[in-house]
Amino acid sequence: MVLLRHTLIALTLIVGFAPLSARADVPIFSARNGIALDGYDVVAFFDGEGAVTGQQEFALMWKGVVWRFVSMGNQARFEANPRAYAPVFGGYCAYAMSQGYLAPGNPQLWRIDDGELFLLNNAAVQAIWQDEAGVLLQAARGNWPAVLRD
């Protein structure tokens, strides 16, 4: 029985099938080199400071990625309620999400609507999002998070 089990495992690995638990999923949060929002401080968006680069000394790991902040105060605010500050759709482009695919969000192209942070990928989709946010947001919410598995 043990020999049969090891043979099946070997065949599975040779054929290229990994057990479901070993397959890597697309990360819930878009992060280049493991750093969310390219190192921008998510709390600063809500304070009216906009896109401000966080510092290495004010950083923490949440949901598998590193989040950086401009101050200990911003870090503490994030730690107290990360979901209040984390970008919608994991920081992926909200417009791309509305179309059913993943594209990285650009922290320089952002919007806060109804207390939620949305990132967009480029100036063209930012203009489209501004004009059609209601319809696009509904479509994006319908695609999230299933698009991570596609």
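## Contacts, cores and salt bridges in a predicted chain

Leaving aside residues up to four places away in sequence, Cys 93 touches Ala 103, Pro 104, Gly 105, Leu 119, Leu 120, Asn 121 and Val 125, where contact means heavy atoms within 4.5 Å. The structure is a predicted model, in which local features need pLDDT of at least 70 and side-chain atom pairs count only at pLDDT 80 or more, while totals for chains, interfaces and linings use all residues. Residues are numbered from 1 along each chain as its sequence is written, and side-chain values use heavy atoms, with hydrogens and water left out.

**Overall fold**

- The protein chain has 6 helices and 6 strands, these being DSSP runs numbered from the N terminus, with helices (H or I) of at least four residues and strands (E) of at least two.
- Followed along the sequence, the elements of the protein chain come in the pattern α-β-β-α-β-β-α-α-α-β-β-α.
- Of the 150 residues in the protein chain, 36% are buried; buried means under 20% relative accessible area, exposed means over 50%, and partly exposed lies in between, as found with a 1.4 Å probe on protein chains only.
- When contacts in the protein chain between residues at least 6 apart in sequence are considered, 55% of them join residues at least 24 apart.

**Nonpolar cores**

- The largest nonpolar core contains 19 residues, and those with the most contacts inside it are Phe 89, Cys 93, Tyr 95, Leu 120 and Trp 129; such a core is a set of buried Ala, Val, Leu, Ile, Met, Phe, Trp, Tyr and Cys residues joined through side-chain atoms within 4.5 Å.
- Two or more residues of this core come from each of α5 (94-99), β6 and α6, and α6 gives the most, with 5 residues.
- A second, separate core has 18 residues, among them Leu 37, Trp 67, Phe 69 and Leu 119.

**Salt bridges**

- The structure holds 4 salt bridges, each defined as a side-chain nitrogen of Lys or Arg within 4 Å of a carboxyl oxygen of Asp or Glu.
- One of them joins the side chains of Asp 47 and Arg 77, at 2.9 Å from N to O, and this pair links distant parts of the chain, with Asp 47 in the loop between α2 (42-46) and β3 (55-62) and Arg 77 in helix α3 (residues 72-80), 30 residues apart.
- Asp 47 is partly exposed at a relative accessible area of 33%, and Arg 77 is likewise partly exposed at 34%.
- Another salt bridge brings the side chains of Glu 116 and Arg 141 together at 2.5 Å, N to O; this pair also links distant parts of the chain, since Glu 116 belongs to strand β6 (residues 116-120) and Arg 141 to helix α6 (residues 123-143), 25 residues apart.
- Glu 116 has a relative accessible area of 25% and is partly exposed, as is Arg 141 with 38%.
- Asp 113 forms a salt bridge with Arg 111, whose closest N and O atoms are 2.9 Å apart, and Arg 111 is partly exposed, with a relative accessible area of 22%.

- Asn 74 is in helix α3 and counts as buried because its relative accessibility is 6%; Asn 74 touches Asp 41, Val 43, Ala 44, Asp 47 and Phe 69.
- Val 70 is placed in the loop between β4 (65-69) and α3 and counts as partly exposed, at 25% relative accessibility.
- The residues touched by Val 70 are Asp 41, Val 52, Thr 53, Gly 54, Gln 55 and Phe 58; Val 70 and Asp 41 are 29 residues apart in sequence but 6.3 Å apart in space, taken from C-alpha to C-alpha.
- Ser 30 is in the loop between α1 (2-15) and β1 (31-32), is buried with a relative accessible area of 19%, and touches Ala 36, Leu 37, Gly 90, Gly 91, Tyr 92 and Pro 104.

**Largest pocket**

- The volume of the largest pocket is about 160 Å³; on a 1 Å grid over the protein atoms alone, a pocket is an open set of points where a 1.4 Å probe fits, with protein on both sides within 12 Å along at least five of seven lines, and the volume is the space filled by probe spheres set on points joined across faces, edges and corners.
- Ile 28, Phe 29, Trp 62, Lys 63, Arg 83, Ala 86, Pro 87, Gly 90 and Trp 144 line this pocket, lining residues being those with an atom within 4 Å of a point.
- This lining divides into 6 nonpolar, 1 polar and 2 charged residues, where Ala, Val, Leu, Ile, Met, Phe, Trp, Tyr, Cys and Pro count as nonpolar, Asp, Glu, Lys and Arg as charged, and the others, Gly among them, as polar.
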